[in-house]
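User: I'd like to understand the terms used for this protein chain. Could you take me through them, setting each value against its definition?

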Amino acid sequence: MRLRIIGSAAGGGFPQWNCNYRLSRAARTGVAGVHSRTQSSVAASADGLGWVLFNASPDIPQQIAATPELQPAHDAPLRSTPIRAVVLTNADVDHVAGLLSLRERQPFAIYATTQVLATLKANSIFNVLDPALVPRRILPPAQELSICDAGGHDTGVAVESFPVPGKIALYLEERGQPDANFSSDAGDTIGVRIAGAGSRGSGFYIPGCARIDATLRTRLADAACLLFDGTVFTDDEMIAAGVGQKTGARMGHLAMSGNAGSIAGLADVRIGRRVFVHINNTNPVLDENSAEHAAVEAAGWEVACDGMEIEL
């Protein structure tokens, strides 16, 4: 089983198109140790031929262009793709907007929770994905499911989904209630365990998580690999940077640092390889020369970059 991180940044990417914060400026000017990243997505394959995407970011055309394994093979039909299915972990724009770039009447399957499928159904623009070619299938909670392509053929990739603390998508919030609590533990945000026949272990992909509880700690025990929400280093990071008014918690994301952060919360959980993904453009770990990047590595974590590959 191969996992390839094809997008490691949070929504907006890095550098974000309208961000003039010091890190985005550094990425644009080519400062050593500061590398551009596209928006959050992972690809998995059991055979190296067919691939399952986990989230379809707005950067999916760029990500396919940078990943030969996701391009049509040289001897494939004139219209073809090795992408067999897309699994969605929530309805955030940076996870579903890329579906619209996959609209050229190419068969593949979409898997998501009932909440996320309802959001897609309620927005008619997603009808450009003809259900006759792109079936939408429910991802049931707490049970392993073999991911199949549009024709029902097994991809060799198996997924178990589970709810994690998060929030509803930003565009679903009531705009007249900016201080309301839009958090959700009911499946609006999920994590997934990814495995395959014959693989030595399983990997977890959790790009959004607002809190680590006992249930999650138990679930992650003895995982071969964890790709986990690394949006912000400190909870008030965006406020301190002067680029926003929301904390990480308000956005549904747990900070890396602090007594209540993910590094501390998972420190004593036995996990083979732990990697931060979905990294916001204000997070100082994006600078490989920073003290924060060094602290993350000292704690046994890696900072994901586009193209990073993991074998299970």
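Analyst: Happy to, beginning with a pair of strands: β11 (residues 190-196) and β12 pair in the antiparallel sense over 3 bridges. Strands here are DSSP runs of E with at least two residues, helices are runs of H or I with at least four residues, and both are numbered from the N terminus. This is a predicted model, in which local features need pLDDT of at least 70, side-chain atom pairs count only at pLDDT 80 or more, and totals for chains, interfaces and linings use all residues. Residues are numbered from 1 along each chain as its sequence is written, and side-chain values use heavy atoms, with hydrogens and water left out.

User: What makes β11 and β12 a pair?

Analyst: Two strands pair if DSSP finds at least two bridges between them. β11 and β12 have 3 bridges, so they qualify. Within this pairing, R193 stands opposite F204 in β12. β12 is also joined to strand β13 (residues 223-229) by 4 bridges, and these two run parallel. There, F204 stands opposite L226 in β13.

User: Why is the crossover from β12 to β13 called right-handed?

Analyst: The chain crosses from β12 through α5 to β13 as a right-handed β-α-β crossover. The name applies because, with the strands pointing away from the viewer, the path from the first strand over the helix to the second runs clockwise.

User: How do you know that both faces of β12 are covered?

Analyst: G203 and Y205 on one side and F204 and I206 on the other are all buried. Buried means under 20% relative accessible area, exposed means over 50%, and partly exposed lies in between (1.4 Å probe, protein chains only).

User: Why is S40 called buried?

Analyst: S40 has a relative accessible area of 0%, which is under 20%, so it counts as buried. S40 is placed in the loop between α1 (22-29) and β2 (41-45). Leaving aside neighbours within four places in sequence, S40 is in contact (heavy atoms within 4.5 Å) with G7, A9, N55, S57, D94, H95, Y205, P207 and H278.

User: What makes the meeting of the S40 and Y205 side chains a polar contact?

Analyst: The side chains of S40 and Y205 make this contact at 2.8 Å. A polar contact is a pair of N or O atoms within 3.5 Å; within protein, one must be able to donate a hydrogen and the other to accept it, and residues adjacent in sequence count only if both atoms are side-chain atoms.

User: How do you know that the buried residues of α4 line one face of the helix?

Analyst: The buried residues of α4 (residues 114-122) are V116, L117, T119 and L120. Seen down the axis of α4, they fall within an arc of 155°, so they line one face. That arc is taken from the directions from the helix axis to the C-beta atoms. Turned away from the buried side is a face with the exposed residues K121 and A122. The cover over the buried residues of α4 includes α3 (93-96), β5 (109-112) and β6 (136-138).

User: Why is the pairing of E69 with R4 called a salt bridge?

Analyst: A salt bridge is a side-chain nitrogen of Lys or Arg within 4 Å of a carboxyl oxygen of Asp or Glu. The closest N and O atoms of E69 and R4 are 3.1 Å apart, so the pair qualifies. E69 sits in the loop between α2 (60-65) and β4 (83-87) and R4 in strand β1 (residues 2-7), 65 residues apart. E69 is partly exposed at 23% relative accessibility, whereas R4 is buried at 16%. By this rule the count comes to 11 salt bridges.

User: What makes R273 and E302 a link between separate parts of the chain?

Analyst: Their side chains meet in a salt bridge of 2.6 Å, N to O. R273 lies in strand β14 and E302 in strand β15 (residues 301-303), so the pair ties together parts that are 29 residues apart in sequence. R273 is partly exposed, with a relative accessible area of 28%, and E302 is partly exposed at 26%.

User: Why is R105 called exposed?

Analyst: R105 has 57% relative accessibility, which is over 50%, so it counts as exposed. R105 is found in the loop between α3 and β5, and has a positive phi of about 50° although it is not a glycine.
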